[in-house]
There are 2 protein chains.
Amino acid sequence: MAEEYPVTSLDTDALEAVRLLGEHRMPGLVVTDKDGRPHSVLGASQVVRFLVPRYVQDDPALAGVIDEQFADKVAEKLAGHTVRELLPEDRPELAVAEADDTIIEVAAVMARVRCPLVAVVEHDTIIGVITASRLLEHALPR
Amino acid sequence: MAEEYPVTSLDTDALEAVRLLGEHRMPGLVVTDKDGRPHSVLGASQVVRFLVPRYVQDDPALAGVIDEQFADKVAEKLAGHTVRELLPEDRPELAVAEADDTIIEVAAVMARVRCPLVAVVEHDTIIGVITASRLLEHALPR
(Lines give C-alpha, C1' and ligand atoms only; values in the text may rest on other atoms or scores of the structure.)
Protein backbone atom coordinates (compact mmCIF):
# COMPACT_ATOMS: atom_id res chain seq x y z
CA MET A 1 0.00 0.00 0.00
CA ALA A 2 3.02 2.31 0.38
CA GLU A 3 3.25 5.11 -2.18
CA GLU A 4 6.19 6.51 -4.08
CA TYR A 5 6.92 9.74 -2.37
CA PRO A 6 9.48 12.48 -2.66
CA VAL A 7 11.84 12.46 0.29
CA THR A 8 14.23 15.14 1.44
CA SER A 9 16.86 15.29 4.15
CA LEU A 10 17.76 17.61 7.02
CA ASP A 11 20.70 19.12 5.18
CA THR A 12 19.03 19.59 1.81
CA ASP A 13 18.89 23.11 0.43
CA ALA A 14 15.58 24.70 1.51
CA LEU A 15 14.76 26.10 -1.93
CA GLU A 16 15.30 22.69 -3.54
CA ALA A 17 13.00 20.99 -1.01
CA VAL A 18 10.27 23.60 -1.41
CA ARG A 19 10.46 23.23 -5.17
CA LEU A 20 9.95 19.48 -4.73
CA LEU A 21 6.89 20.15 -2.56
CA GLY A 22 5.42 22.45 -5.16
CA GLU A 23 6.16 20.19 -8.12
CA HIS A 24 4.64 17.10 -6.58
CA ARG A 25 1.74 19.05 -5.06
CA MET A 26 2.24 17.12 -1.87
CA PRO A 27 0.95 18.23 1.53
CA GLY A 28 4.35 17.45 3.00
CA LEU A 29 7.73 15.82 2.51
CA VAL A 30 9.25 13.15 4.70
CA VAL A 31 12.60 14.39 5.99
CA THR A 32 15.33 11.83 6.66
CA ASP A 33 18.46 12.13 8.78
CA LYS A 34 21.92 11.56 7.32
CA ASP A 35 21.54 7.80 7.67
CA GLY A 36 18.33 7.72 5.61
CA ARG A 37 16.10 7.14 8.62
CA PRO A 38 12.82 9.10 8.70
CA HIS A 39 13.23 12.11 10.98
CA SER A 40 10.18 14.33 10.55
CA VAL A 41 7.62 15.73 8.13
CA LEU A 42 8.04 19.11 6.49
CA GLY A 43 4.50 20.30 5.88
CA ALA A 44 3.76 22.68 3.02
CA SER A 45 1.84 24.95 5.40
CA GLN A 46 4.89 25.07 7.68
CA VAL A 47 6.93 26.40 4.75
CA VAL A 48 4.27 29.05 4.14
CA ARG A 49 4.58 30.06 7.81
CA PHE A 50 8.34 30.37 7.40
CA LEU A 51 7.82 32.67 4.42
CA VAL A 52 5.22 35.01 5.84
CA PRO A 53 6.73 37.76 7.99
CA ARG A 54 5.80 37.55 11.68
CA TYR A 55 4.02 40.90 11.74
CA VAL A 56 1.79 39.76 8.88
CA GLN A 57 0.94 36.51 10.66
CA ASP A 58 -0.07 38.53 13.69
CA ASP A 59 -2.21 40.88 11.61
CA PRO A 60 -3.11 39.39 8.21
CA ALA A 61 -4.76 42.67 7.22
CA LEU A 62 -1.23 44.03 6.77
CA ALA A 63 -0.73 41.60 3.87
CA GLY A 64 -2.95 43.85 1.78
CA VAL A 65 -0.52 46.75 2.06
CA ILE A 66 2.66 44.86 1.18
CA ASP A 67 3.41 45.72 -2.39
CA GLU A 68 6.54 43.68 -2.93
CA GLN A 69 6.35 40.57 -5.08
CA PHE A 70 5.82 37.53 -2.90
CA ALA A 71 7.68 35.36 -5.42
CA ASP A 72 10.86 37.43 -5.07
CA LYS A 73 10.50 37.18 -1.31
CA VAL A 74 10.24 33.39 -1.43
CA ALA A 75 13.52 32.81 -3.23
CA GLU A 76 15.24 35.44 -1.09
CA LYS A 77 13.98 34.04 2.22
CA LEU A 78 14.88 30.45 1.37
CA ALA A 79 18.35 31.15 -0.04
CA GLY A 80 21.15 29.72 2.08
CA HIS A 81 18.84 27.84 4.43
CA THR A 82 18.50 24.09 4.91
CA VAL A 83 15.43 21.93 5.49
CA ARG A 84 16.46 21.67 9.14
CA GLU A 85 15.87 25.40 9.54
CA LEU A 86 12.37 25.22 8.02
CA LEU A 87 11.15 22.70 10.56
CA PRO A 88 9.19 24.12 13.47
CA GLU A 89 10.79 23.79 16.90
CA ASP A 90 7.70 22.10 18.30
CA ARG A 91 7.52 19.73 15.37
CA PRO A 92 5.01 16.94 15.67
CA GLU A 93 6.12 13.36 16.21
CA LEU A 94 6.64 11.50 12.95
CA ALA A 95 4.29 8.60 12.35
CA VAL A 96 6.23 5.50 11.32
CA ALA A 97 4.98 2.06 10.33
CA GLU A 98 6.79 -1.15 9.46
CA ALA A 99 6.45 -2.57 5.95
CA ASP A 100 4.61 -5.64 7.25
CA ASP A 101 2.10 -3.77 9.46
CA THR A 102 -1.60 -4.37 8.84
CA ILE A 103 -3.92 -1.57 7.70
CA ILE A 104 -5.36 -1.17 11.16
CA GLU A 105 -1.86 -0.89 12.64
CA VAL A 106 -1.10 1.94 10.20
CA ALA A 107 -4.46 3.55 10.99
CA ALA A 108 -3.73 3.33 14.72
CA VAL A 109 -0.40 5.14 14.35
CA MET A 110 -1.99 7.77 12.12
CA ALA A 111 -4.83 8.32 14.59
CA ARG A 112 -2.55 8.60 17.60
CA VAL A 113 -0.08 11.03 16.03
CA ARG A 114 -2.88 12.94 14.19
CA CYS A 115 -0.64 13.03 11.14
CA PRO A 116 -2.01 12.57 7.61
CA LEU A 117 1.24 10.92 6.55
CA VAL A 118 2.93 7.77 7.81
CA ALA A 119 6.49 6.89 6.80
CA VAL A 120 6.93 3.20 5.99
CA VAL A 121 10.27 1.68 6.92
CA GLU A 122 11.96 -1.65 6.33
CA HIS A 123 15.18 -2.34 8.25
CA ASP A 124 15.24 1.32 9.40
CA THR A 125 15.21 2.63 5.83
CA ILE A 126 12.27 4.53 4.43
CA ILE A 127 10.62 2.72 1.51
CA GLY A 128 7.54 4.90 1.03
CA VAL A 129 4.72 6.69 2.73
CA ILE A 130 1.02 6.15 3.26
CA THR A 131 -1.28 9.15 3.24
CA ALA A 132 -4.56 9.16 5.16
CA SER A 133 -6.57 9.44 1.94
CA ARG A 134 -4.68 6.49 0.43
CA LEU A 135 -5.48 4.45 3.52
CA LEU A 136 -9.17 5.35 3.26
CA GLU A 137 -9.23 4.53 -0.44
CA HIS A 138 -7.70 1.16 0.29
CA ALA A 139 -9.96 0.41 3.25
CA LEU A 140 -13.26 1.31 1.62
CA PRO A 141 -15.36 -1.47 0.16
CA ARG A 142 -15.77 -0.97 -3.58
CA MET B 1 -4.85 30.20 -8.65
CA ALA B 2 -7.86 28.43 -7.08
CA GLU B 3 -8.09 24.71 -7.78
CA GLU B 4 -11.05 22.51 -8.64
CA TYR B 5 -11.75 20.68 -5.47
CA PRO B 6 -14.31 18.20 -4.25
CA VAL B 7 -16.65 19.78 -1.73
CA THR B 8 -19.04 18.14 0.67
CA SER B 9 -21.66 19.46 3.07
CA LEU B 10 -22.52 19.02 6.75
CA ASP B 11 -25.48 16.77 6.01
CA THR B 12 -23.83 14.58 3.37
CA ASP B 13 -23.68 10.86 4.09
CA ALA B 14 -20.36 10.09 5.81
CA LEU B 15 -19.56 7.07 3.65
CA GLU B 16 -20.12 9.10 0.48
CA ALA B 17 -17.81 11.89 1.71
CA VAL B 18 -15.08 9.46 2.73
CA ARG B 19 -15.30 7.76 -0.66
CA LEU B 20 -14.79 11.19 -2.26
CA LEU B 21 -11.71 11.78 -0.08
CA GLY B 22 -10.25 8.43 -1.09
CA GLU B 23 -11.01 8.78 -4.79
CA HIS B 24 -9.49 12.22 -5.12
CA ARG B 25 -6.59 11.37 -2.80
CA MET B 26 -7.08 14.71 -1.13
CA PRO B 27 -5.74 15.55 2.34
CA GLY B 28 -9.14 17.01 3.18
CA LEU B 29 -12.52 18.13 1.90
CA VAL B 30 -14.03 21.55 2.35
CA VAL B 31 -17.37 21.20 4.12
CA THR B 32 -20.12 23.72 3.34
CA ASP B 33 -23.22 24.60 5.31
CA LYS B 34 -26.70 24.32 3.80
CA ASP B 35 -26.31 27.69 2.08
CA GLY B 36 -23.12 26.63 0.28
CA ARG B 37 -20.87 28.73 2.49
CA PRO B 38 -17.59 27.11 3.59
CA HIS B 39 -17.99 25.79 7.14
CA SER B 40 -14.93 23.66 7.94
CA VAL B 41 -12.39 21.18 6.61
CA LEU B 42 -12.81 17.44 7.04
CA GLY B 43 -9.26 16.10 7.13
CA ALA B 44 -8.53 12.57 5.97
CA SER B 45 -6.60 11.92 9.18
CA GLN B 46 -9.64 13.02 11.20
CA VAL B 47 -11.69 10.34 9.43
CA VAL B 48 -9.04 7.77 10.31
CA ARG B 49 -9.31 8.87 13.95
CA PHE B 50 -13.08 8.39 13.80
CA LEU B 51 -12.59 4.86 12.49
CA VAL B 52 -9.96 3.63 14.92
CA PRO B 53 -11.45 2.43 18.22
CA ARG B 54 -10.51 4.56 21.21
CA TYR B 55 -8.71 1.77 23.05
CA VAL B 56 -6.49 1.20 19.99
CA GLN B 57 -5.65 4.91 19.76
CA ASP B 58 -4.61 4.82 23.41
CA ASP B 59 -2.49 1.71 22.88
CA PRO B 60 -1.60 1.17 19.19
CA ALA B 61 0.06 -2.14 20.10
CA LEU B 62 -3.47 -3.53 20.46
CA ALA B 63 -4.01 -3.02 16.72
CA GLY B 64 -1.80 -6.03 16.13
CA VAL B 65 -4.21 -8.35 17.93
CA ILE B 66 -7.40 -7.22 16.20
CA ASP B 67 -8.17 -9.86 13.64
CA GLU B 68 -11.30 -8.39 12.10
CA GLN B 69 -11.12 -6.88 8.63
CA PHE B 70 -10.60 -3.13 8.86
CA ALA B 71 -12.47 -2.66 5.57
CA ASP B 72 -15.65 -4.22 6.99
CA LYS B 73 -15.29 -2.02 10.03
CA VAL B 74 -15.03 1.14 7.90
CA ALA B 75 -18.34 0.70 6.10
CA GLU B 76 -20.04 -0.39 9.30
CA LYS B 77 -18.76 2.53 11.37
CA LEU B 78 -19.65 5.15 8.76
CA ALA B 79 -23.14 3.81 7.95
CA GLY B 80 -25.92 6.13 9.02
CA HIS B 81 -23.59 8.99 9.98
CA THR B 82 -23.26 12.42 8.40
CA VAL B 83 -20.20 14.54 7.72
CA ARG B 84 -21.21 16.72 10.68
CA GLU B 85 -20.61 13.76 13.01
CA LEU B 86 -17.12 13.09 11.60
CA LEU B 87 -15.89 16.58 12.40
CA PRO B 88 -13.91 16.93 15.60
CA GLU B 89 -15.49 19.02 18.36
CA ASP B 90 -12.42 21.20 18.60
CA ARG B 91 -12.27 21.63 14.85
CA PRO B 92 -9.74 24.15 13.63
CA GLU B 93 -10.82 27.47 12.19
CA LEU B 94 -11.38 27.32 8.43
CA ALA B 95 -9.04 29.45 6.38
CA VAL B 96 -10.99 31.54 3.86
CA ALA B 97 -9.73 33.93 1.20
CA GLU B 98 -11.57 36.17 -1.23
CA ALA B 99 -11.26 35.51 -4.96
CA ASP B 100 -9.41 38.81 -5.48
CA ASP B 101 -6.89 38.40 -2.64
CA THR B 102 -3.19 38.57 -3.49
CA ILE B 103 -0.88 35.60 -2.99
CA ILE B 104 0.59 37.09 0.15
CA GLU B 105 -2.89 37.64 1.57
CA VAL B 106 -3.68 33.96 1.00
CA ALA B 107 -0.30 32.99 2.50
CA ALA B 108 -1.00 35.16 5.55
CA VAL B 109 -4.34 33.44 6.23
CA MET B 110 -2.75 30.03 5.72
CA ALA B 111 0.10 30.87 8.08
CA ARG B 112 -2.16 32.24 10.80
CA VAL B 113 -4.65 29.35 10.79
CA ARG B 114 -1.85 26.76 10.21
CA CYS B 115 -4.10 25.06 7.70
CA PRO B 116 -2.75 23.57 4.44
CA LEU B 117 -6.02 24.41 2.68
CA VAL B 118 -7.70 27.76 2.08
CA ALA B 119 -11.28 27.96 0.78
CA VAL B 120 -11.71 30.66 -1.87
CA VAL B 121 -15.06 32.45 -1.87
CA GLU B 122 -16.75 34.96 -4.12
CA HIS B 123 -19.96 36.57 -2.86
CA ASP B 124 -20.02 34.09 0.06
CA THR B 125 -20.01 31.07 -2.26
CA ILE B 126 -17.07 28.71 -2.46
CA ILE B 127 -15.46 28.71 -5.89
CA GLY B 128 -12.36 26.58 -5.16
CA VAL B 129 -9.51 25.96 -2.79
CA ILE B 130 -5.82 26.71 -2.63
CA THR B 131 -3.51 24.15 -1.07
CA ALA B 132 -0.22 25.15 0.55
CA SER B 133 1.76 23.20 -2.05
CA ARG B 134 -0.15 24.91 -4.88
CA LEU B 135 0.67 28.27 -3.35
CA LEU B 136 4.36 27.35 -3.10
CA GLU B 137 4.39 26.10 -6.70
CA HIS B 138 2.85 29.35 -7.83
CA ALA B 139 5.14 31.54 -5.74
CA LEU B 140 8.43 29.91 -6.68
CA PRO B 141 10.51 31.48 -9.38
CA ARG B 142 10.89 29.11 -12.31
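In this predicted model, 47 residues of chain B are in contact with 47 residues of chain A. On the side of chain B that touches chain A, at least two residues each come from α1 (14-24), α2 (44-51), α3 (54-58), α4 (70-78), α6 (103-113) and α7 (132-139) of chain B. Among these contributors, α6(B) gives the most to this side of chain B, namely nine residues. Sorted by class, the side of chain B that touches chain A holds 32 nonpolar residues, together with six polar and nine charged ones.

How the two chains are arranged can be described by a superposition: chain B is brought onto chain A by a rotation of 180°, with 0.0 Å of shift along the rotation axis and an RMSD of 0.0 Å. The two copies are therefore related as by a two-fold rotation axis. Among the residues of chain B, the one that comes closest to this axis is B:Pro27, whose C-alpha lies at 3.6 Å from the axis. The same surface serves both copies, in that 100% of the contact residues of chain B recur in chain A.

The buried residues of α2(B) are B:Ala44, B:Ser45, B:Gln46, B:Val47 and B:Val48, together with B:Leu51.

Note on methods
Residues are numbered from 1 along each chain as its sequence is written. Chains are lettered from A and ligands numbered from 1 in the order in which they are written. This is a predicted model: local features need pLDDT of at least 70, side-chain atom pairs count only at pLDDT 80 or more; totals for chains, interfaces and linings use all residues. Two residues are in contact if their C-beta atoms, placed from the backbone, lie within 7 Å. Helices (H or I, at least four residues) and strands (E, at least two) are DSSP runs, numbered from the N terminus. Ala, Val, Leu, Ile, Met, Phe, Trp, Tyr, Cys and Pro count as nonpolar, Asp, Glu, Lys and Arg as charged, and the others, Gly among them, as polar. Copies are superposed by least squares on the C-alpha atoms of residues with pLDDT of at least 70 in both. A residue is buried if 20 or more other C-beta atoms lie within 10 Å of its own, exposed if 12 or fewer, and partly exposed in between; C-beta atoms are placed from the backbone.
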